[in-house]
Amino acid sequence: HDTMVLLQLQLSSSQNKLLRAEVMFQMWLFWISLAAMLTSIFGMNLHNGMEWMATGPLHTGVGDPSWAFLELLLGVVAGTGLGGLGTTWLLFQCGVLVR
């Protein structure tokens with residue numbers, strides 16, 4: 001009888017670890033999909049005015065490409081990383097994820 005209880009506890013512990021891993025995986029997938037959505041909006045072949053803005057350090061006149069895409073890309077990557085890390089920290093603080 002004690003052996004069965006021990007096996008059930010081990011099985012429950014393994015299931016809890018898998019559920020925590022699934023929560024972590026889904027959380028990071030949310031942030032990555034949010035970043036993909038934002039970049040796909042700007043990746044469409046639609047004129048949005050950001051293509052030829054005079055904002056880059058190499059700006060010499062009208063018609064020069066700007067650094068707006070690079071700024072957007074770095075912002076999305078940083079936002080995704082910070083959002084994922086922040087959510088991970090929050091889940092650890094709330095006790096949803098444990099080490």
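Which backbone oxygen does the side chain of T80 reach? The side chain of T80 reaches that of V76, at 2.8 Å.

## Basis of the report

The model is predicted: local features need pLDDT of at least 70, side-chain atom pairs count only at pLDDT 80 or more, and totals for chains, interfaces and linings use all residues. Residues are numbered from 1 along each chain as its sequence is written, and side-chain values use heavy atoms, with hydrogens and water left out.

## T80 in helix 2

T80 is found in helix 2, which spans residues 68–94 (helices are DSSP runs of H or I with at least four residues, numbered from the N terminus).

Residues up to four places away in sequence aside, T80 touches W28, W31, I32 and A35 (contact means heavy atoms within 4.5 Å).

## T88 in helix 2

T88 also lies in helix 2 and counts as buried, at 11% relative accessibility. The side chains of T88 and W28 make a polar contact at 3.5 Å (a pair of N or O atoms within 3.5 Å; within protein, one must be able to donate a hydrogen and the other to accept it, and residues adjacent in sequence count only if both atoms are side-chain atoms). Apart from neighbours within four places in sequence, T88 is in contact with M24, M27, W28 and L97.

## F30 in helix 1

F30 has its place in helix 1, residues 2–43. At 46% relative accessibility, F30 counts as partly exposed.

Key
Helices (H or I, at least four residues) and strands (E, at least two) are DSSP runs, numbered from the N terminus. Buried means under 20% relative accessible area, exposed over 50%, partly exposed in between (1.4 Å probe, protein chains only).
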